[in-house]
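Hello,

Here is the structure we talked about handing over. My notes on the sheet and the salt bridges follow below it.

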Amino acid sequence: MPQVIFLPHDELCPDGAVLEGEKGISVLNLALQNGIGIEHACEKVCACTTCHIIVREGFDSLKEGDELEEDMLDKAWGLEPDSRLGCQAIIQDEDLVVEIPKYTVNMVSEGH
């Protein structure tokens, strides 16, 4: 199983995390299943940017984002070339290194 390495995030996972990710699961679902509370205001339907992540390693192993995801990412805070929405980044066969941005466009945490 591929590993997903979450880089340290001051609030969500201060020590970082190394998780085993089953092929076919989204990075967001893997994080949530393991207590990393990435925001997801639209309930994982690619209608917001709160689950924005930056894939520091393994980006090319992910299936290419579709037009809807690309349009949503244009609204994300801190957009980078290797940005994805966590709900749309589906784990494949390679390990990933993921950074969760410090900020989202949400004014208030959804508290999922």
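A salt bridge here means a side-chain nitrogen of Lys or Arg within 4 Å of a carboxyl oxygen of Asp or Glu. The model is predicted, so local features need pLDDT of at least 70 and side-chain atom pairs count only at pLDDT 80 or more, while totals for chains, interfaces and linings use all residues. Residues are numbered from 1 along each chain as its sequence is written, and side-chain values use heavy atoms, with hydrogens and water left out.

Salt bridges

The whole structure contains four salt bridges. One of them joins Asp93 to Lys23, with the closest N and O atoms 3.6 Å apart. Asp93 is exposed at 59% relative accessible area, and Lys23 is partly exposed at 48% (buried is under 20%, exposed over 50%, partly exposed in between; 1.4 Å probe, protein chains only).

Arg56, Glu80 and Glu99 are linked in a network of salt bridges. The closest N and O atoms of Arg56 and Glu80 are 2.7 Å apart; for Glu99 and Arg56 the N to O distance is 2.7 Å. Glu99 lies in strand S5 and Arg56 in strand S3, so this pair ties together parts 43 residues apart in sequence. (Strands are DSSP runs of E, at least two residues, numbered from the N terminus.)

Sheet

Five strands form an open sheet in the order S2-S1-S5-S3-S4, with mixed pairing (two strands pair if DSSP finds at least two bridges between them). S3 (residues 52-57) and S5 (residues 96-99) pair in the antiparallel sense over three bridges.

Regards

How values were computed
Helix = DSSP H or I, 4+ residues; strand = E, 2+ residues; numbered from the N terminus.
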